[in-house]
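Here are my notes after a pass through the model you sent. Have it open while you read.

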Amino acid sequence: MMKRKMILADSDDLFLKEISCYFMEHIPQFELTVFTKKEKLHQYLEQGGKADILLVDQCFGDTKLKMLTPDTTRIVMSMGAAPAEGFDTVKKYQKMESLANTVLFKYAE
(Lines give C-alpha, C1' and ligand atoms only; values in the text may rest on other atoms or scores of the structure.)
Protein backbone atom coordinates (compact mmCIF):
# COMPACT_ATOMS: atom_id res chain seq x y z
CA MET A 1 0.00 0.00 0.00
CA MET A 2 1.31 3.41 -0.94
CA LYS A 3 2.00 5.73 1.97
CA ARG A 4 0.17 9.02 2.06
CA LYS A 5 2.22 12.14 2.68
CA MET A 6 1.70 14.65 5.45
CA ILE A 7 3.53 17.91 6.01
CA LEU A 8 3.76 19.22 9.58
CA ALA A 9 4.98 22.77 10.07
CA ASP A 10 5.34 24.74 13.28
CA SER A 11 7.98 27.13 14.57
CA ASP A 12 7.73 25.52 18.05
CA ASP A 13 10.39 22.78 17.89
CA LEU A 14 9.19 21.01 21.01
CA PHE A 15 5.55 20.88 19.91
CA LEU A 16 6.60 19.72 16.45
CA LYS A 17 8.71 16.92 17.94
CA GLU A 18 5.81 15.77 20.14
CA ILE A 19 3.22 15.80 17.37
CA SER A 20 5.49 14.13 14.80
CA CYS A 21 6.40 11.36 17.25
CA TYR A 22 2.72 10.79 17.99
CA PHE A 23 1.77 10.67 14.31
CA MET A 24 4.65 8.31 13.42
CA GLU A 25 3.63 5.95 16.22
CA HIS A 26 -0.16 6.06 15.86
CA ILE A 27 -0.72 6.88 12.19
CA PRO A 28 2.05 4.98 10.40
CA GLN A 29 0.23 5.08 7.04
CA PHE A 30 1.47 8.67 6.64
CA GLU A 31 4.99 9.61 5.66
CA LEU A 32 5.88 12.84 7.49
CA THR A 33 7.83 15.82 6.26
CA VAL A 34 8.50 18.38 8.98
CA PHE A 35 9.32 22.10 8.80
CA THR A 36 10.07 24.77 11.40
CA LYS A 37 10.57 27.61 8.91
CA LYS A 38 7.95 28.98 6.50
CA GLU A 39 10.60 29.77 3.85
CA LYS A 40 11.83 26.15 3.82
CA LEU A 41 8.26 24.87 3.49
CA HIS A 42 7.61 27.21 0.55
CA GLN A 43 10.91 26.18 -1.04
CA TYR A 44 10.03 22.47 -0.69
CA LEU A 45 6.63 23.00 -2.34
CA GLU A 46 8.02 25.25 -5.09
CA GLN A 47 10.48 22.47 -5.97
CA GLY A 48 7.64 20.01 -6.51
CA GLY A 49 7.17 18.65 -2.98
CA LYS A 50 3.65 17.32 -2.48
CA ALA A 51 1.45 16.20 0.40
CA ASP A 52 -2.01 14.76 0.92
CA ILE A 53 -2.38 16.64 4.21
CA LEU A 54 -0.81 19.93 5.21
CA LEU A 55 -1.01 20.54 8.97
CA VAL A 56 0.54 23.87 9.91
CA ASP A 57 0.63 26.40 12.72
CA GLN A 58 -1.60 29.43 12.07
CA CYS A 59 1.42 31.64 11.35
CA PHE A 60 2.28 29.40 8.35
CA GLY A 61 -1.19 29.50 6.76
CA ASP A 62 -1.07 32.24 4.14
CA THR A 63 -2.12 32.93 0.56
CA LYS A 64 1.18 31.71 -0.88
CA LEU A 65 0.88 28.39 0.93
CA LYS A 66 -2.70 28.03 -0.30
CA MET A 67 -1.52 28.71 -3.86
CA LEU A 68 1.29 26.12 -3.60
CA THR A 69 -1.04 23.35 -2.36
CA PRO A 70 -4.12 23.26 -4.62
CA ASP A 71 -4.97 19.54 -4.26
CA THR A 72 -4.10 19.20 -0.58
CA THR A 73 -6.20 18.98 2.57
CA ARG A 74 -4.99 22.17 4.31
CA ILE A 75 -5.42 22.43 8.06
CA VAL A 76 -4.26 25.22 10.35
CA MET A 77 -3.59 24.54 14.03
CA SER A 78 -5.12 27.58 15.66
CA MET A 79 -4.98 29.14 19.10
CA GLY A 80 -8.17 31.07 18.51
CA ALA A 81 -7.38 33.35 15.59
CA ALA A 82 -9.73 33.41 12.62
CA PRO A 83 -8.78 30.71 10.11
CA ALA A 84 -6.92 31.65 6.98
CA GLU A 85 -9.08 31.49 3.87
CA GLY A 86 -8.85 28.09 2.19
CA PHE A 87 -7.75 26.27 5.36
CA ASP A 88 -9.70 24.09 7.77
CA THR A 89 -8.99 24.79 11.43
CA VAL A 90 -8.27 22.58 14.44
CA LYS A 91 -7.45 23.62 17.99
CA LYS A 92 -3.69 23.42 18.40
CA TYR A 93 -3.49 22.48 22.06
CA GLN A 94 -5.66 19.44 22.72
CA LYS A 95 -5.07 15.73 23.31
CA MET A 96 -2.89 14.35 20.53
CA GLU A 97 -5.43 11.59 19.92
CA SER A 98 -8.23 14.14 19.37
CA LEU A 99 -6.01 16.24 17.12
CA ALA A 100 -5.04 13.21 15.02
CA ASN A 101 -8.65 12.02 14.75
CA THR A 102 -9.84 15.47 13.66
CA VAL A 103 -7.10 15.72 11.03
CA LEU A 104 -7.95 12.27 9.62
CA PHE A 105 -11.65 13.12 9.61
CA LYS A 106 -11.06 16.35 7.67
CA TYR A 107 -8.84 14.45 5.23
CA ALA A 108 -11.54 11.79 4.71
CA GLU A 109 -14.10 14.50 3.83
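Predicted model: local features only at pLDDT ≥ 70, side-chain atom pairs only at ≥ 80, totals over all residues.

1. Ground rules. Residues are numbered from 1 along each chain as its sequence is written, and side-chain values use heavy atoms, with hydrogens and water left out.

2. The sheet. Which order do the strands take? They run β2-β1-β3-β4-β5, 5 strands in an open sheet with parallel pairing (strands are DSSP E runs of at least two residues, helices H or I runs of at least four, both numbered from the N terminus; a pair needs at least two DSSP bridges). β2 and β5 (88-91) sit at the edges with a single partner strand each, so one side of each has no neighbour in the sheet. From one strand to the next, the twist averages 25° (axes are lines fitted to C-alpha atoms, for helices over the stretch in contact; angles run from 0 to 180 degrees between N-to-C directions).

3. One pairing up close. β1 and β2 are joined in the parallel sense over 6 bridges. Leu-8 has Val-34 in β2 as its bridge partner.

4. Helices on the sheet. α1 packs there, touching β1, β2, β3 and β4, and its direction makes about 175° with that of β2 (contact means heavy atoms within 4.5 Å). α4 also packs on the sheet, touching β1, β2, β3, β4 and β5, at about 165° to the direction of β5.

5. Faces of α1. Phe-15, Leu-16, Ile-19, Ser-20, Tyr-22 and Phe-23 are buried (under 20% relative accessible area; exposed is over 50%, partly exposed in between, with a 1.4 Å probe and protein chains only).

6. Thr-69. Buried or exposed? Thr-69 counts as buried, because its relative accessibility is 3%. Thr-69 lies in the loop between α3 (63-68) and β4. Apart from neighbours within four places in sequence, Thr-69 is in contact with Leu-45, Leu-54 and Arg-74.
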